[in-house]
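Here are a few exercises to work through with the model open in your viewer. Try each task before reading its solution.

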Amino acid sequence: MATVRAPSISDRFVALLDRERVIDHPLERRLYARDGSIAEGDCGLVVLPETTEEVVACVRLAAELDLAVVPRGSGTGLCGGAVPLRGGLVVSVARMTRVLEIDPEVPCARVEPGVLNLDLSNAVRHLGLHYAPDPSSQQACSIGGNVATNAGGPHCLASGVTAQHVLGMEIVLGDGEVLRLGGTAPDPPGYDLRGFVVGGEGTLGIVTEVTVRLMRNPPEVRTMLLDFPSVRAAGEAVGGIISGGVIPAAMEMMDRLMTRAVEQFVHADLPVDAAAVLLVEVDGTPAEVAAHTAVVEGVGHAHGAGRVRVARDEGERALFWKARKSAFGAVARVAPNYYLHDCVVPRTRLVEVLEQIERIAAARDLIVMNVFHAGDGNLHPLIAFDRRDAEQVERVHAAGKDIIEACVAVGGVLSGEHGIGLEKRDFMPLTFDAVSLDAQARARDAFDPGGRLNPEKVLPLGSRCGELVLDAGSLPPGTWL
Amino acid sequence: MTEALSPATPQEAAAALAEASEARASVGVVGGGTRSRRGRPAPPPDRLLRTGGMRRVVAHEPADLTVTVESGLAATVLAELAASAGQAWPQADIREGSTVGGVLAAAASGRRRLRMGAVRDSLLEVVIATGDGRLATGGGRTVKGVAGYDLPRLAVGSLGTLGVIVQVTLKLWPVPAASGWFGAEAPLADRLGVAARALAGPARPASVLLAPGAVAVELIGPEEDVRPPEGLEALPGAPPEPAGRGLLEAGVPPPRLGELAARLEEGGLVYEARMGVGTCLVAVETADDVARARAVALGLGGHAQVVDGPDDLRADPWGPAPPGLELMRRLRDAFDPAGILNRDKLLWEVS
């Protein structure tokens with residue numbers, strides 16, 4: 001496909017929008033060549049449409065000019081999904097930030113895709129409602145990006161990931177067609193296109209409006225911190241709580257290194273000497289909270305938890321969650337860069353995989369820290385490193401590959417909530433055979449027959465049956481992954 | 001004469017479909033046959049594939065809350081298996097004779113959807129034998145995962161038109177400590193009041209059902225929470241579902257269900273509105289009943305499909321086509337290029 005460097009192309013987009021919403025300064029383009037991952041691509045031009053009509057116009061012009069289109073929300077994604085390659089056109093929805101409608105009766109909200117996740121929950125708090133998916137990046141990530149990645153978060157353990165909370169959407173396809181899929185009336189006839197688009201990583205269309213389900217705040221919430229003498233004990237307690245018939249609202253684990261880094265950052269009086277800390281939240285009616293708390297405490301003590309610290313009030317609860325959600329920022333105290341992984345393993349294999357990750361890091365002489373969604377087996381091993389050290393970077397990638405393979409070997413999946421993007425694209429054959437990759441490619445091509453939307457993401461080259469592969473797996477020169 | 005296909009394994013199912021595609025023979029797909037009277041009336045297919053021979057339990061990991069089974073397994077057998085570990089598949093509408101694959105292909109969500117979600121949210125991994133006889137896997141066996149395109153969501157509700165669901169991994173849930181049905185008989189305005197109070201909590205009911213003359217609430221949770229709400233009495237069990245010559249399933253924005261119920265009652269139709277969810281089952285006797293009930297649903301911003309009934313009730317089983325019909329056709333062609341599978345079941349030739 002063409003690249004967009006020629007000034008005449010930029011002028012064509014300026015004619016559609018206006019000068020300040022078309023970005024072609026080289027320095028700014030470099031910003032848009034990255035996202036929250038460590039991947040760096042090549043951005044040709046950035047456009048900032050504010051309406052569906054403008055998105056359609058940009059997509060149509062891109063088709064006329066034979067440009068690849070890379071949709072972008074806040075750019076906080078962690079798998080390179082929003083990273084443009086080969087000078088593609090970035091269509092940012094960051095200016096589409098209106099909350100169009102809040103309907104407390106459904107309850108639901110209809111929003112533009114650039115609305116930030118936390119802003120949405122803040123906008124409905126006075127109604128006693130909230131939006132359930134709560135990624136750690138929720139202060140910065142957009143609802144549109146959440147839809148693209150099928151984002152999760154700690155509270156998805158009981159409430160489910162984004163796909164369970166998107167009722168309907170408006171989407172612009174690669175040829176500029178606009179479709180309204182789903183809505184508040186459940187189960188319309190035909191295939192669940194709405195459900196399929198969630199997690200499509202911007203390869204199926206550009207979502208220009210989303211109707212999300214809101215949830216009523218539970219009448220009572222109890223948030224507990226449990227400290228354990230070993231990671232194994234904490235992992236076994238997680239299994240014990242679930243086996244005890246309790247699916248907590250959230251169940252997060254932090255290892256000692258991470259707890260210490262976080263404590264320096266938030267001063268929450270965390271148990272820094274514990275080998276592992278569990279943050280468990282239960283909610284519901286007073287009777288439900290009491291029953292679930294009893295199970296959590298009982299199982300915790302049976303597995304050696306020293307004490308169960310219950311958040312005394314909303315302030316302390318917020319502090320516990322701040323500790324959890326600022327974990328990634330706290331890593332800056334350990335090393336300048338980090339590589340955050342995102343695999344899911346069967347809960348029953350959690351401990352064994354954590355121990356293996358420890359060995360992998362040690363063998364490569366790397367620091368690995370863990371903070372993750374223990375309740376659903378969603379691991380987030382984080383490798384701290386210094387990007388300036390090329391040899392270390394190589395070890396980081398090698399360790400990452402080992403970790404992914406270790407997770408897959410016990411029946412795990414490549415991503416729990418971050419997505420595939422560029423980062424894990426070439427790992428897809430680890431979990432899907434050729435026929436399955438071809439089936440995914442066929443479904444994608446049905447949405448985007450022109451192959452214009454976010455090309456080269458999610459599916460490795462050669463996924464399509466009979467696709468000619470001259471240089472399998474290669475990324476364009478200059479791409480830094 | 002319809003030829004019977006009874007594969008015992010997913011591989012046999014795929015081979016049978018590859019051969020049928022080659023021969024351009026139309027194929028009907030049947031699980032337990034409890035939801036097969038849907039779609040447009042059509043002559044018998046050249047071949048009828050029954051999934052009942054594929055009924056192995058591939059893996060059951062109680063501590064992971066997952067189970068992997070072949071699609072022809074009876075849903076009641078799966079329920080017993082789950083119950084033996086104190087677990088359940090609470091999103092599913094399980095009928096006597098239903099298969100696991102059939103429940104999913106029909107996207108048949110049960111009465112606990114209000115609290116537990118839709119059945120499409122319970123499918124973690126799917127293996128389908130596509131129309132051209134290839135075994136494709138989508139999703140993953142862990143309770144959470146976003147790797148690759150969500151073929152499971154495409155398969156649920158596809159009524160066997162993309163391929164035959166041959167194996168699935170489901171997410172199970174712990175069985176609640178207690179559960180109970182509570183109900184009252186009252187005029188519509190009072191019933192709507194009961195429903196609104198039940199939905200407002202503090203307990204999150206599993207189900208709030210409105211029917212002509214009656215309202216019923218199912219509560220689940222600790223014993224202390226399973227007590228009659230004010231004005232309701234304990235019922236001996238779940239209320240009966242509406243039954244007629246046929247069944248229509250309407251979907252409207254949840255706040256409009258009260259209006260839907262009022263209009264159906266005015267028209268003398270028997271229904272079960274699932275309050276807070278937005279779905280409503282309507283018993284229909286005649287094509288005129290279908291048309292009347294559908295007109296009300298459409299007027300409220302919804303839709304209505306005939307989900308069961310004899311041929312004369314299914315002349316127009318779907319109503320107006322939803323947005324994206326062309327895209328749906330491209331998807332079907334991608335998975336069933338010869339167009340052999342269940343051609344009458346989903347809205348392909350809507351006028």
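**Exercise 1.** Locate B:Ser71 in this predicted model and decide: is B:Ser71 buried or exposed?

*Solution.* Next, take its relative accessibility, which is 1%. Buried means under 20%, so B:Ser71 counts as buried. Finally, list its neighbours, leaving out residues up to four places away in sequence: among them are B:Thr51, B:Met54, B:Thr99 and B:Ile165.

**Exercise 2.** Find which residues of helix H2 (residues 75–83) of chain B are buried, and work out how they are placed around the axis.

*Solution.* The buried set includes B:Ala75, B:Leu78 and B:Ala82. These residues cover an arc of only 55° around the axis, so they lie on the same side of H2(B). Now look at what the buried residues of H2(B) pack against: strands E5, E6 and E9 and helix H3 of chain B.

**Exercise 3.** Trace the eight-stranded open sheet of chain B and say which strands stand at its edges.

*Solution.* Follow the order E14-E11-E13-E12-E16-E17-E15-E18, with antiparallel pairing. Strands E14 and E18 of chain B each have a single partner strand, so one side of each is left without a neighbour in the sheet. Inside the order, six bridges join E15 to E17 of chain B, and B:Leu247 stands opposite B:Ala283 in E17(B).

How values were computed:
Residues numbered from 1 in each chain as written. Chains lettered and ligands numbered in written order. Predicted model: local features only at pLDDT ≥ 70, side-chain atom pairs only at ≥ 80, totals over all residues. Heavy atoms only, no water. Pairing = 2+ DSSP bridges. Helix = DSSP H or I, 4+ residues; strand = E, 2+ residues; numbered from the N terminus. Buried < 20%, exposed > 50% of the residue type's maximum accessible area, 1.4 Å probe, protein only. Arc of directions from axis to C-beta. Contact = heavy atoms within 4.5 Å.
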